[in-house]
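Hi there,

Here is the structure I promised to pass on.

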Amino acid sequence: MKKTYNINEKGYYGEFGGAYIPEMLYPNVEELRQNYLKIMAEPSFQEEFNALLKDYVGRPSPLYFAKRLSEKYNTKIYLKREDLNHTGAHKINNTIGQILMAKRLGKNRIIAETGAGQHGVATATVCALMGIECIVYMGEIDIARQAPNVARMKMLGATVVPALSGSRTLKDATNEAIRDWINNPVDTHYIIGSVVGPHPYPDMVAKFQAVVSEEIKRQLLEKEGTEDPTYLVACVGGGSNAAGTYYHYLDNEAVNIIAVEAAGLGVDSGESAATSVLGKEGIIHGSKTLLMQTHDGQITEPYSISAGLDYPGVGPMHANLYKTGRAEFIAITDDDAMKAGLDLCKLEGIIPAIESSHALAVFEHKIFKPDDIVVLNLSGRGDKDLQNYIDYFKL
Amino acid sequence: MNRINQKLEEDKKLLSIYFTAGYPNINDTVSVIENLEKSGVDMIEIGLPFSDPLADGPTIQSSSTKALHNGMTSERLFEQLKDVRKTVSIPLIIMGYFNPMLQYGVEEFCKKCQEVGIDGLIIPDLPVDVYNDNYKSIFEKYGLINVFLITPQTSEERIRFIDSISKGFIYMVSSASVTGSQSGFGAIQTNYFERIAEMKLKNPQIVGFGISNNETFTQATKHAKGAIIGSAFVKHLTTNGVDNIEDFVNTIL
């Protein structure tokens with residue numbers, strides 16, 4: 001059998017993935033597993049999904065040649081402009097797909113977890129679009145520090161429920177969403193926001209995000225006469241924008257893959273989210289993957305200035321890309337990310353999300369050749385991070 | 001013969017109690033176990049605390065957080081239990097999530113369990129098929145019974161499969177819920193209890209989730225072999241500490 005970096009029929013990427021879930025969740029996850037590929041293959045599903053991506057999200061997103069940035073680093077840099085999507089990030093690609101999935105499964109209640117609120121907003125948006133009840137779990141601490149996104153979700157008609165357990169951040173919001181699903185097994189669909197969780201979630205979310213690399217192939221062919229860049233670059237928290245960027249290139253080893261993690265205050269500082277360096281194999285949220293944990297197997301709290309990257313685990317696809325050496329993992333500190341973000345503003349007139357700024361900082365850490373083609377996923381826009389930028393640069 | 005199997009042969013309805021190891025104080029673990037046995041409890045589930053207990057409600061999660069804060073670890077638990085069999089003879093089961101066991105090393109964990117006299121394990125997030133394919137032989141090597149869960153949503157076919165690979169009892173989750181989230185049983189549960197009883201499974205069933213007093217214990221054990229109390233007992237520990245455990249047990253039996 002041909003070697004693949006994609007998922008196998010048992011729901012694993014290499015040794016990572018699977019569905020390590022309590023029996024109480026088994027029927028929910030099994031229903032999804034048995035149906036997701038079938039539903040996604042239905043022509044009517046494809047038609048509705050593509051129409052919404054085009055007319056509602058605003059796809060295809062441009063593949064923009066960043067001329068001045070390219071000049072600065074003496075290489076060819078293309079930005080995949082996911083920041084121009086409706087709601088300001090790649091997250092909506094997945095929530096559109098999953099809300100259509102939920103409708104076809106006959107669900108009338110949606111739950112989601114959110115850290116900084118981006119996935120919560122993207123979920124509340126599609127629930128408003130479809131007129132479906134939406135409950136978003138968010139850590140109590142995150143609710144306090146992400147007030148604008150909490151307000152957005154409320155305006156969109158969602159109920160925001162504070163997660164009061166554990167460290168009261170993203171991982172606890174995820175725990176609470178999973179508990180809600182245990183308590184409501186029949187009518188509820190859980191829209192996970194990244195390529196994490198039990199199989200089939202990592203694969204389903206990757207497939208909804210795969211539109212990103214599908215477009216890159218077409219757009220790059222038009223601009224450079226080849227579908228294949230030399231490098232693909234994306235930031236990785238859970239890893240959904242990265243999964244979308246890599247998806248159609250996973251098994252094309254002529255294309256180099258770079259995954260950028262958040263080093264926080266530094267990989268060895270104790271305040272970091274660089275899972276590939278600091279993590280060990282284990283189980284988090286139903287998936288076997290790399291995760292940050294104590295010697296005794298307790299999950300620890302990561303840190304990054306970027307709320308979208310401070311997840312203690314990483315999607316199983318990425319754990320496998322790391323383990324096999326298919327992708328090069330680079331950890332970027334808060335400081336380097338913030339500087340790269342400001343640089344993009346000045347050079348290209350684009351204010352990036354701090355998550356994407358981590359990816360942009362790669363150019364200060366790795367030298368590319370003049371004729372390399374580097375495609376970088378600019379996964380989100382920086383409006384949501386304005387207060388962070390203000391505080392950091394004393395603007 | 002494993003103590004669990006011996007206990008299941010007794011002609012009575014069994015009361016099993018769950019508590020979190022290292023709670024309320026780090027060194028309470030063995031006193032709680034001894035007091036429970038003295039009070040007439042038939043079986044004990046020792047909760048190995050985990051930072052992210054997905055199947056548990058707020059009561060057990062906060063006791064786990066406190067226990068971890070107190071310094072509880074797998075190593076420490078085995079240390080505390082090393083002489084427990086000098087004073088305690090009822091079956092002891094460790095209930096915990098899979099990740100701490102994975103980090104300890106599954107074989108090493110099972111070996112330690114056997115050394116201190118643990119009879120079985122309940123691991124909610126270790127799926128039946130993964131257990132069957134990868135870990136069954138290790139558990140059996142160390143004489144441990146792995147207990148599987150079923151819920152009202154579990155299909156008949158899957159219940160039959162779980163029954164076929166179970167070697168002690170089946171943990172029957174009373175309703176679609178996390179622990180500690182309901183009070184009292186309604187028609188849905190009664191029907192479910194009857195449906196399972198009619199299946200005539202080879203393994204006896206012990207009902208858990210939603211049992212907090214004599215009334216719910218009696219309802220749950222009408223058809224089943226026994227019942228498990230968790231959150232209600234953890235609440236008792238929160239208020240009373242290790243004293244007066246007998247008073248709590250007396251309200252159930």
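In chain B of this predicted model, strand β1 (residues 14-20) runs parallel to β2(B), and five bridges join the two. One pair to look at is Phe19(B), which stands opposite Ile46(B) in β2(B).

Strand β2 of chain B (residues 43-47) is mostly covered, with five of its five residues buried. Which residues of β2(B) point one way, and which the other? Met43(B), Glu45(B) and Gly47(B) share one direction, while Ile44(B) and Ile46(B) point the other way, and all are buried. β2(B) also runs parallel to strand β3 (residues 92-95) of chain B, joined to β3(B) by four bridges. There, Gly47(B) has Met95(B) as its bridge partner.

Chain B has an open sheet of nine strands with parallel pairing, in the order β5-β4-β3-β2-β1-β9-β8-β7-β6. Its edge strands are β5 (145-147) and β6 (149-150) of chain B, each of which pairs on one side only. For β5(B), the partner is strand β4 (residues 120-122) of chain B, paired in the parallel sense over three bridges. Gly120(B) has Ile145(B) in β5(B) as its bridge partner.

Helix α3(B) lies across β1 and β2 of chain B and runs at about 50° to β1(B). Helix α11 (residues 231-240) of chain B has Ser231(B), Ala232(B), Phe233(B), Val234(B), His236(B) and Leu237(B) buried. The cover over the buried residues of α11(B) includes β1, α3 (58-69), β9 (226-229) and α12 (245-252) of chain B. Just after α11(B) comes Gly241(B), with a positive phi of about 65°.

Now to chain A. UniProt, in an unreviewed entry, places the feature "domain: Tryptophan synthase beta chain-like PALP" at residues 58-380 of chain A. That span is 41% helix and 21% strand, and its end C-alpha atoms lie 14 Å apart.

Where does Lys91(A) sit? Its place is in helix α4 (residues 91-104) of chain A. Is Lys91(A) buried or exposed? Lys91(A) is buried, because 27 other C-beta atoms lie within 10 Å, and the cut-off for buried is 20 or more. Leaving aside neighbours within four places in sequence, Lys91(A) is in contact with Gln118(A), His119(A), Ala122(A) and Gly193(A).

Chain A also has an open sheet, made of six strands with mixed pairing in the order β3-β4-β14-β9-β10-β13. At its edges stand β3 (63-65) and β13 (327-333) of chain A, each with a single partner strand, so one side of each has no neighbour in the sheet. On average, neighbouring strands of this sheet are turned by 25° against each other, direction ignored. Helix α10 (residues 211-224) of chain A packs on the sheet, where α10(A) touches β3, β4 (76-81) and β14 (373-378) of chain A. The direction of α10(A) makes about 40° with that of β3(A). Elsewhere in the sheet, strand β10 (residues 256-264) of chain A pairs with β13(A) in the parallel sense over seven bridges, and Ala259(A) stands opposite Phe329(A) in β13(A).

Another helix of chain A, α9 (residues 201-209), is mostly covered, and nine of its nine residues are buried. Among them are Tyr201(A), Asp203(A), Lys207(A) and Phe208(A).

Finally, the two chains meet: 24 residues of chain A are in contact with 32 residues of chain B. On the chain A side, α8 (170-183) and β11 (280-284) each supply at least two residues. Which element gives the most to that side? The answer is α8(A), with six residues. By class, the side of chain A that touches chain B has 11 nonpolar, nine polar and four charged residues.

Happy to look through any of this with you.

Best wishes

Terms used:
Residues numbered from 1 in each chain as written. Chains lettered and ligands numbered in written order. Predicted model: local features only at pLDDT ≥ 70, side-chain atom pairs only at ≥ 80, totals over all residues. UniProt positions renumbered as here; feature names shortened; annotations may be inferred. Buried ≥ 20, exposed ≤ 12 C-beta atoms within 10 Å, placed from the backbone. Contact = placed C-beta atoms within 7 Å. Nonpolar A, V, L, I, M, F, W, Y, C, P; charged D, E, K, R; others polar. Pairing = 2+ DSSP bridges. Axes fitted to C-alpha atoms, helices over the stretch in contact; angles between N-to-C directions.
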